[in-house]
Amino acid sequence: MNNLLDLLISTLTQGLVYALLSYGVYITYKILDFPDLTVDGSFPLGAAVTAVMMTSGFNAWLTLPASLLAGALAGLITGIIHVRFKVRDLLAGIITMTALFSINLQIAGSNLIVDRNTATIFTSPVVEKILGSTSLITRKLVVSLIIVLLAKVVLDLYFKTKSGLLLRAVGDNSVLVTSLAKDKGTVKIIGLVISNALVALSGSIVCHEQRAFSSTMGTGQVVFGLATVIIGATLFQKFDIIKGTTAALIGSIAYKAVMQLAISLGLPANLLKLITAVLFLAILIFGNYQKKNAGRIIQKGSSHA
Amino acid sequence: MKKILAVLTAATLILTAAGCAGQDKTKKIGISQFGEHASLDNCREGFLQGLQDAGLKENEDYTVSYQNAGFDTAIATQIAQNFSANNVDLMCAIATPSATAAYAAAEDKDIPVIFTAITDPVEAKLDSGNVTGTSDKLPVEAQLELIRTMQPDAETIGILYTTSEPNSVSAIAEYEQKAPDYGFTIEALGVTSQSEVTLALDSLIAKDVDCFSNLTDNNVVGVLSSVLEKTNEANIPVYGSEVEQVKIGCVAAAGIDYFKLGQQTGQMAAKILKGEAKASDMDYETISEYSIYINSDSAAELGIDVPAAIADKAIEAADA
């Protein structure tokens, strides 16, 4: 039964590591109603910064704030392009994402590998001291769990602050924000900064986990993020108390679990994505069916999905 | 949600139970291939042949579980973790992203990883540790010599490549370094995605290159047919880097045979499975042999007379 346990741990870890990206997409897509394509660039950006720092001998933990900062900068750029230069939201993201592809290659040189002798956040002395002789996959699980929960708590607290409430107001009712004499553009920029910082952090941790940066690792991450946010929201629409961040977290884990299930079932390799798409469709239909059964009326009117 | 979890758990339990039922002596091999494309498929088939060449029998001595990631690094990661969780005795990784993922997933249990179709194992940090395999480095000098013999008057060689593919970048460096020895200058043009290949191609054709040399660049190889359509129209020969490219219309190639490369890898894997050697003690191998492939149809179409020196030793790759 060890096999199963290992598989569950690994899959859970994947879900957690990518959940940070889902938080980011949750902020832009669900809260700001901003389809932000910067993600495909800011995710590998975090990995590029991390890989370069690791290979040049920086402490593994320093890569986390550095990636956060780099991602924040990427979000800032998209924000400024959109808000100050009045470029449409999709296009603003595309511009930054495209630029980041080159920038990432400039930062990392080319695809970059961190060798096994370099300590990652999972094998750093601190972690070894605390977790002792546990297996590496357990350490990966524990460390990513702590980071992801920490990020969640901080985010949830932030949403309750004045700035956080304004952020949520911009997406729902931007007129209200203006009537409060607040600049909704600035609020949007703040949202993009936080979102992309989280996405880059996710990229950084994936880089620690894989010991590798590849310039194409960002491709399709936006789609992944959107899928997880929507799956999470669908699964939990009956439960009003569940926070958006929790839903995104579960969405991410569910996505990775479905992928792993498809792999484990030994489904024909070329059909993997098609089967995944069918499974997701099933989840979404199941969710809608549940909603109808409960006889609930969608009150929020124009749902984003 | 509980229902879904229950279904997931049940499904995994059944799978694991099925996995446990195998005999103890049979070794489990997990093959993780980055995506489906002719050269990589040849590698895999060669690998399986190599195991049999070494006297191992499928289902008796070993079982194979094959997965491909559809060129998605995140899936490659999950495939490798699946193999690790199922305690395979050996992971075979085809192409660099799958190899990095396999090596990362194998770190914990120290499962031996054997790779193939990696140009530069040193660059990929796969040259030490419980990992070994074969490299598919291009025989650049042989290719330059081939082009010189086929086109004695040619001066410039155009090369299209993807800037984010390390294999291509290192090949370009070698081309630029060695081209002057054969009296060539290289006009290399980098692209970042497949959609830019055609644009870059137009730009190189406009520069009047005498011929093109094609690498094993995934992006460019993916649209090679349409590249050939244009170059044929412009009457510029394209040289390939392996047999599959010559089959679809490149004039000639000095290239390695991916099936043979896989075969060599399979034989190395057999040594590890039999306990004769450890991956950590084995150096990675480069295929030293290369073959000259030729497509007479393409050559005739472009009006190139194939010199006897080449025609004699070349393998015909055009459809019979």
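How far apart do the C-alpha centres of domain 1 of chain B and domain 2 of chain B lie? In this predicted model, the separation between the two centres is 31 Å. The domain assignment, whose bounds come from an automatic or database domain assignment, gives domain 1 of chain B as 19-136 + 259-286 and domain 2 as 140-256 + 290-316. Contact between these domains (heavy atoms within 4.5 Å) involves 10 residues of domain 1 and 7 residues of domain 2. About 670 Å² is buried between domain 1 and domain 2 of chain B, with carbon and sulfur atoms giving 44% of that area; buried area here is the accessible area, found with a 1.4 Å probe, that two parts lose on being put together, summed over both.

Because the model is predicted, local features need pLDDT of at least 70 and side-chain atom pairs count only at pLDDT 80 or more, whereas totals for chains, interfaces and linings use all residues. Residues are numbered from 1 along each chain as its sequence is written, chains are lettered from A and ligands numbered from 1 in the order in which they are written, and side-chain values use heavy atoms, with hydrogens and water left out.

The interface of chain B and chain A takes 40 residues from chain B and 44 residues from chain A. The area buried between the two chains is about 4000 Å², and carbon and sulfur atoms account for 59% of it. Across this interface 2 salt bridges are found, while the count over all chains comes to 13. Lys109(B) lies in the loop between helix H4 (96-106) and E4 of chain B and Asp6(A) in helix H1 of chain A, so the pair joins two chains; helices (H or I, at least four residues) and strands (E, at least two) are DSSP runs, numbered from the N terminus. The closest N and O atoms of Lys109(B) and Asp6(A) are 2.4 Å apart in this salt bridge. Lys109(B) is partly exposed because its relative accessible area is 30%, and Asp6(A) is buried because its value is 13%, where buried means under 20% relative accessible area, exposed over 50% and partly exposed in between (1.4 Å probe, protein chains only).

Thr77(B), in helix H3 of chain B, touches residues of both chains, namely Gln14(A), Glu209(A), Gln210(A) and Ala101(B), not counting residues up to four places away in sequence. With a relative accessible area of 4%, Thr77(B) is buried. Glu209(A), one of these contacts, also forms a salt bridge with Lys140(A), in which the closest N and O atoms are 3.3 Å apart. This pair links distant parts of the chain, with Lys140(A) in helix H6 (residues 136-160) of chain A and Glu209(A) in helix H9 (residues 184-210) of chain A, 69 residues apart. Lys140(A) counts as buried because its relative accessible area is 7%, and Glu209(A) counts as buried at 5%.

A further salt bridge within chain A is formed by Lys152(A) and Asp156(A), with the closest N and O atoms 2.8 Å apart. Both residues lie in helix H6 of chain A, 4 residues apart, about one turn of the helix, and both are buried. In chain B, Lys137(B), Glu141(B), Glu174(B) and Lys178(B) are linked in a network of salt bridges.

Ala19(A) lies in helix H1 (residues 2-31) and touches Val148(A), Leu249(A) and Ser252(A), leaving out residues up to four places away in sequence. Gly71(A), in helix H3 of chain A, is in contact with Leu45(A), Asn196(A), Ala197(A) and Ala200(A), its neighbours within four places in sequence being set aside. The C-alpha atoms of Gly71(A) and Gly46(A), 25 residues apart along the chain, are separated by 6.6 Å.

In chain B, positive phi values occur in two residues that are not glycine: Asn87(B), near 50°, and Ala117(B), at about 65°. Asn87(B) is placed in the loop between helix H3 (73-85) and strand E3 (90-94), whereas Ala117(B) lies in strand E4 (residues 113-118).

Definitions and conventions. Salt bridge = Lys/Arg side-chain N within 4 Å of Asp/Glu carboxyl O.
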